[in-house]
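Here are a few exercises to work through with the model open beside you. Try each task before you read the solution.

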Amino acid sequence: MTSMGWLLPLVQILIVLNAVLIAVTYMVLLERKVIAWAQSRLGPMRVGPHGVLQPIADAIKLLLKEDITPARADKWLFTIAPIMSLVPALIAFAVIPFGGHARIFGRDVPLFIADVNVGLLYIVSITSIGVYGIILAGYASNSKYPLLASLRASAQLISYEVAITMMLVSVIVTAGTLSMVAIVEAQLHNHVWFVFVQPVALVVLFIGGLAETNRTPFDLAEAEQELTGGFHTEYSGMRFAMFFLAEYANMIVVSAVVTTLFFGGWLPPFPNVGWLAFLGWIPGWMWFLVKCFVFLYVFVWIRATLPRYRYDQLMRVGWKVLIPVALANLFVTAILKVWL
Amino acid sequence: MGVNPAPPAGPPDPPPPADLSVPGFISPLQSALPDAVTQVSYWVGDWTMIVATNRLLDVMRHLRTAQEASFDACCDVTATDWPPRAERFDVSYALFSTRHRHRVRVKVRVADSQAVPSVTSVWPSANWLEREVFDMFGIPFDGHPDLRRILMPDEWQGHPQRKDYPLEGPGEMLLENPMDWLRLRYEP
Amino acid sequence: MLEAIAFYGLAALILGFGVMVITARSAVHSVVFLVLNFLAVAVVYVVLGAEFLAVIQVLVYAGGIVVLYLFVVMLVNQKRTPEAHHDPHRKTGLGIMLASAVLAEVTAIVVYTASAPSASPIPVSSPVVGGNTEQVGWLLYTDYLIAFEVASMLLLAAMVGAILFARRMD
Amino acid sequence: MSLFDTDELVINMGPQHPSTHGVLRVVLRLDGERVVGADVVIGYLHRGIEKLSEHRDWQQIVMLTDRMDYVSAATSNLGYCETVEKLMQIEVPRRARYIRTILSELQRIASHNLWLGTHAMDIGAMTVFLYNFRERELILDLFEEFCGARLTYSSMRIGGLPLDIPSGWARKVSAFCDLFETKIPEYEDLLTHNRIWKERTRNIGVISGADAIAIGLTGPPLRGSGVPRDVRKDEPYAAYDEFDFDVPIGSAGDIYDRYLVRLEEFRQSLRIIRQAIAGLPEGPVVGKVPRLIKPPAGETYHAIESPKGELGFFIVSDGRSNVPYRFRVRPPSFCNLQALPRLIKGHLVADVVAMIGSIDIVLGEVDR
Amino acid sequence: MHLYPITAYHYLVLAAALFALGATGVMLRRNIIILFMSIELMLNAVNLNLVAFSRLNGHVVGQVFALFIVAVAAAEAVVGLGILLAFYRNKETLNIDEVNLLRG
């Protein structure tokens with residue numbers, strides 16, 4: 001038993017890490033296919049039936065590509081920037097509850113790596129480290145477009161983090177806990193998904209999530225049409241792939257957080273309604289994945305639909321709309337929490 | 001190709017037929033600025049005024065501001081090269097009035113390296129057009145704010161639209177070592 | 001045993017990164033090492049059972065304050081490197097001496113105190129699950145409420161001051 | 001942004017840049033992200049078409065005009081042929097003029113399609129790009145059926161057309177018009193009332209009507225500033241005097257109004273095409289053209305309304321040789337591009353991209 | 001003092017060393033930004049002390065103080081960097097030895 005005590009988390013980490021990386025590569029395929037569908041074309045079709053092997057081909061291509069470091073780049077920073085971008089995105093998965101507890105080989109196994117009592121804050125703080133990858137990439141490239149892009153990206157990340165954190169505090173106040181698992185359980189005990197309690201928080205958090213992950217309409221930092229690709233203009237090969245993985249891993253993190261906080265995580269819909277109990281037959285982690293998928297789809301959908309904001313407009317939306325709304329929401333939540 | 005052995009010495013610029021009424025803006029111009037317009041011609045529906053180079057700006061200002069003319073758009077500035085002639089270039093301006101919807105062409109004749117007063121102060125749109133004429137024909141414009149080459153590289157030698165500039169360009173010299181050829185200009 | 005390994009490993013990281021911060025030639029490199037240093041310190045906090053402080057360390061220090069440093073380093077595109085200028089009044093040797101004197105003194109005090117018989121090892125108290133954040137919050141809003149408010153006023157004043165400084169004087 | 005304006009930054013946008021639509025180079029001087037000065041450098045695609053034309057005979061030049069505004073070859077063909085016809089005083093048969101009108105309006109739609117697609121893509125709306133290419137493809141099919149080419153058509157000859165329209169072609173054009181009418185709302189759904197699109201385009205690059213004329217803008221950018229200037233109305237050519245259509249004008253003179261003007265031009269073009277198809281006369285498609293084309297000595301300037309603006313040809317014939325003595329194009333893109341530094345001054349880098357898109361340039365025509 | 005087991009004193013020594021490092025940085029470097037960063041190192045050393053004492057005493061008051069130090073550090077960084085930017089605009093350098101406006 002004690003020998004298994006340290007083995008289990010290792011196995012879990014291994015599974016989650018691999019699952020995330022595979023999910024990320026297939027997220028790219030999903031995005032291409034969904035956008036293609038929205039634009040009345042087919043998307044990748046050549047590699048495998050309907051292009052299902054395309055991500056593997058892409059990965060092989062990126063691995064085999066020559067890894068170029070610009071001559072006047074700061075080589076050391078140039079190398080660690082993608083790592084500093086990818087690592088936070090991956091270790092954020094440590095506290096995400098993919099499910100409750102499951103019985104595997106007669107043992108009670110939690111379907112999350114760690115249930116930290118500051119789980120939500122952990123995610124916020126870890127993702128705030130990701131900004132270094134972007135700034136350093138722009139600086140280390142020693143090139144003007146990446147520098148502009150990285151300044152844009154970091155200003156954007158920092159300003160939207162404020163609104164996001166405040167929205168998270170609203171949810172924390174509602175749930176009365178910081179632990180991700182406990183938040184899901186609070187939704188079970190309160191008989192309601194928090195999306196119905198905190199709808200404003202969901203909207204602000206999702207918009208902020210779009211901005212944090214540099215997605216349309218907030219993808220200024222990698223706006224190909226303006227900045228020729230943004231902070232990773234000078235990157236190629238595997239180091240470019242790391243930025244790519246980080247972006248999509250962050251999308252999955254945002255979807256997972258939104259699912260956990262607002263849509264009951266691994267819980268089936270209306271878990272306390274008697275006649276809907278049959279939904280409980282579908283395992284919790286399936287519900288979690290389905291809910292995540294819906295949000296990932298929304299990410300892609302938005303990309304296919306909206307144009308891009310301009311830098312100053314983006315800042316205005318962040319500071320003059322989202323943060324006041326977040327403050328007001330937090331205020332109202334706190335008052336209701338005390339009085340009700 | 002089919003280039004004539006004896007190049008023509010200039011456009012015909014035929015006078016208007018006697019039975020055609022002259023547009024309303026020409027005679028006020030002639031009375032306001034006597035002997036600025038040296039010749040009025042008409043061909044397939046286009047009216048052309050040939051103007052003395054030193055009076056060009058006066059004529060243009062008049063055409064821009066006079067009520068009956070009000071040519072507010074300078075559509076085109078270009079030149080034609082007639083090498084046998086002493087004043088070898090025709091610089092022609094295509095003007096249009098958005099109010100009266102009429103056109104006129106104004107031409108001045110200048111010799112090689114003789115400057116033409118720039119009309120950019122009258123129509124800002126002439127800026128790039130005059131730069132192109134400078135680039136292609138080597139006609140300098142007096143008072144132009146930014147007279148640089150526009151289509152050809154800054155180091156280019158010669159002016160390609162002149163009739164004595166070969167179609168093939170500088171030929172073998174450029175092809176063998178383009179950088180040497182481009183640099184020649186700066187050497188003594 | 002586990003704690004010893006963690007402690008010595010982290011101590012090595014913290015001091016190593018600290019040395020890199022003050023010796024790195026480029027200011028950007030310094031900033032990167034400072035971040036790594038802070039992350040290692042955050043892990044020490046976790047080992048010491050202060051999870052909330054660890055998260056705040058990462059969120060505010062590494063994710064906020066140091067980003068600000070990085071911004072400034074990148075913005076001031078230095079035309080003359082500060083190290084190029086030499087000040088004859090500067091006494092580098094004296095500086096090193098003073099610093100090592102401080103280190104020796106502090107270490108001596110600590111070692112002396114620790115080897116004194118009254119010293120007791122850290123009581124083995126397992127961190128209370130979910131309690132740390134709550135305890136800190138409770139103290140902040142009861143016993144230290146006035147200090148908390150003063151700190152928030154200080155931040156507000158700093159914000160106003162920073163905006164005034166950063167604005168170009170026309 | 002006051003934090004960032006410690007230094008002035010000079011960046012080169014182009015000649016290799018995704019949204020300079022070819023090989024335009026703009027040297028931007030930035031204060032933070034704000035543009036304080038811009039210098040437009042062109043000439044990277046200069047092929048000397050004007051010089052070359054002075055060494056090609058009159059019919060061969062049609063082919064060179066294809067290669068100026070290569071997304072709108074038919075209107076360039078039309079402008080050149082009409083200029084030579086004017087110089088030679090050739091009467092073009094009515095049927096040929098009608099078909100020329102249909103072709104140039106189809107071309108206008110195709111060109112505006114390409115413009116809208118790339119413009120929207122520059123501002124980040126990716127789907128609009130593919131929707132527009134979907135419809136442009138249908139127009140290219142129509143052109144292919146008419147003349148065999150999909151891009152460089154050489155679809156006109158001095159004195160008329162190379163050949164009559166294939167049987168059933170007119171019906172296909174009508175069918176396309178009906179289809180296209182249902183597609184315009186799709187573009188509008190994605191853009192016209194989209195908040196982000198409006199924020200990105202409204203009050204950006206505003207220019208008043210008088211300023212626009214003075215700086216040489218023509219075509220949709222000029223009409224967006226509220227000047228009802230359209231060569232098709234002011235100096236009708238081909239068969240435009242026989243059709244009913246409106247000249248849409250904007251009021252604010254910003255990017256959004258230019259967008260609205262072009263979108264309305266889609267509808268007006270459809271209106272013209274429908275009238276032309278309905279009233280298409282019978283008869284020959286080539287007028288009385290001498291076997292050897294050699295216009296009498298003289299010079300003329302003739303302008304048409306290309307999708308980009310006023311496309312003028314100034315041609316001088318010496319009456320002796322079988323090549324033009326002087327061949328000059330007044331390219332609308334060139335003159336419109338001249339306004340760029342003035343339009344973007346004081347805006348942000350992102351607006352530069354939107355502005356280049358909104359004046360709709362084709363570098364093949366700017367540099368010739 | 002022994003290497004094992006780890007006691008609060010070990011953390012105090014670590015904090016002292018970190019503080020000394022910061023002090024050395026302040027004395028040796030001329031780049032104002034690096035000076036600031038050295039000060040941050042010293043503040044962190046203090047925080048480390050506080051947390052270690054909090055562990056030693058078994059209550060969280062030390063952590064509360066550490067939080068206040070973080071707040072003060074944030075204020076210090078913001079104002080300090082603001083002054084630094086203003087200084088840089090005037091002098092175009094970041095050398096601490098040239099900060100001598102008051103000296104006349």
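**Exercise 1. Who touches whom?**

*Solution.* Start with the contact rule: two residues are in contact if their C-beta atoms, placed from the backbone, lie within 7 Å. Chains B and C have no contact either, with their closest C-alpha atoms 31 Å apart. Among the six pairs of chains that are in contact, chains C and E share the most contacts.

Some housekeeping: this is a predicted model, where local features need pLDDT of at least 70, side-chain atom pairs count only at pLDDT 80 or more, and totals for chains, interfaces and linings use all residues. Residues are numbered from 1 along each chain as its sequence is written, while chains are lettered from A and ligands numbered from 1 in the order in which they are written.

**Exercise 2. Chain E and its partner**
Describe the secondary structure of chain E, then take apart the side of chain E that touches chain C.

*Solution.* Step one: helices (H or I, at least four residues) and strands (E, at least two) are DSSP runs, numbered from the N terminus. On that basis chain E has three helices and zero strands, in the order α-α-α from the N terminus on.

Step two: check burial. A residue is buried if 20 or more other C-beta atoms lie within 10 Å of its own, exposed if 12 or fewer, and partly exposed in between, with C-beta atoms placed from the backbone. Of the 104 residues in chain E, 65% are buried.

Step three: the contact takes 69 residues from chain E and 74 residues from chain C. On the chain E side, the elements giving two or more residues are α1 (8-28), α2 (32-57) and α3 (61-91) of chain E. The largest share, 22 residues, comes from α3(E).

Step four: sort by type. Ala, Val, Leu, Ile, Met, Phe, Trp, Tyr, Cys and Pro count as nonpolar, Asp, Glu, Lys and Arg as charged, and the others, Gly among them, as polar. That side of chain E divides into 49 nonpolar, 13 polar and seven charged residues.

**Exercise 3. A helix in chain B**
Work out how many residues of α3(B) are buried and what those residues pack against.

*Solution.* First, the length: α3(B) has 12 residues and reaches 16 Å from its first C-alpha to its last, close to the 16 Å expected at 1.5 Å a residue (the expected span is 1.5 Å times one less than the number of residues). Next, burial: 12 of its 12 residues are buried, including Trp128(B), Phe134(B) and Met136(B). The buried residues pack against β3, β4 (89-96) and β7 (141-142) of chain B, together with α12 (332-337) of chain D. Just after the helix, Gly138(B) takes a positive phi of about 75°.

Now zoom out: 33 residues of chain B are in contact with 39 residues of chain D. On the chain B side, β3 (73-81) and α3 (126-137) of chain B each give two or more residues, and β3(B) gives the most, with six.

**Exercise 4. One alanine**
Is Ala52(B) buried, partly exposed or exposed?

*Solution.* Ala52(B) lies in the loop between β2 (46-51) and α2 (56-65) of chain B. Count its neighbours: Ala52(B) has 15 C-beta neighbours inside 10 Å, so it counts as partly exposed. Leaving out residues up to four places away in sequence, Ala52(B) touches Ala36(B) and Thr38(B). Ala52(B) and Val110(B) are 58 residues apart in sequence, yet 9.2 Å apart in space, C-alpha to C-alpha.

**Exercise 5. Two helices in chain D**
At roughly what angle do the axes of α5(D) and α6(D) cross?

*Solution.* Axes are lines fitted to C-alpha atoms, for helices over the stretch in contact, and angles run from 0 to 180 degrees between N-to-C directions. The axes of α5 (residues 126-147) and α6 (residues 169-191) of chain D come within 10 Å and cross at roughly 170°. That makes α5(D) roughly antiparallel to α6(D) (angles under 35 degrees count as roughly parallel, over 145 as roughly antiparallel, 65 to 115 as roughly perpendicular and the rest as oblique). The residues of this contact divide into 12 nonpolar, one polar and five charged.
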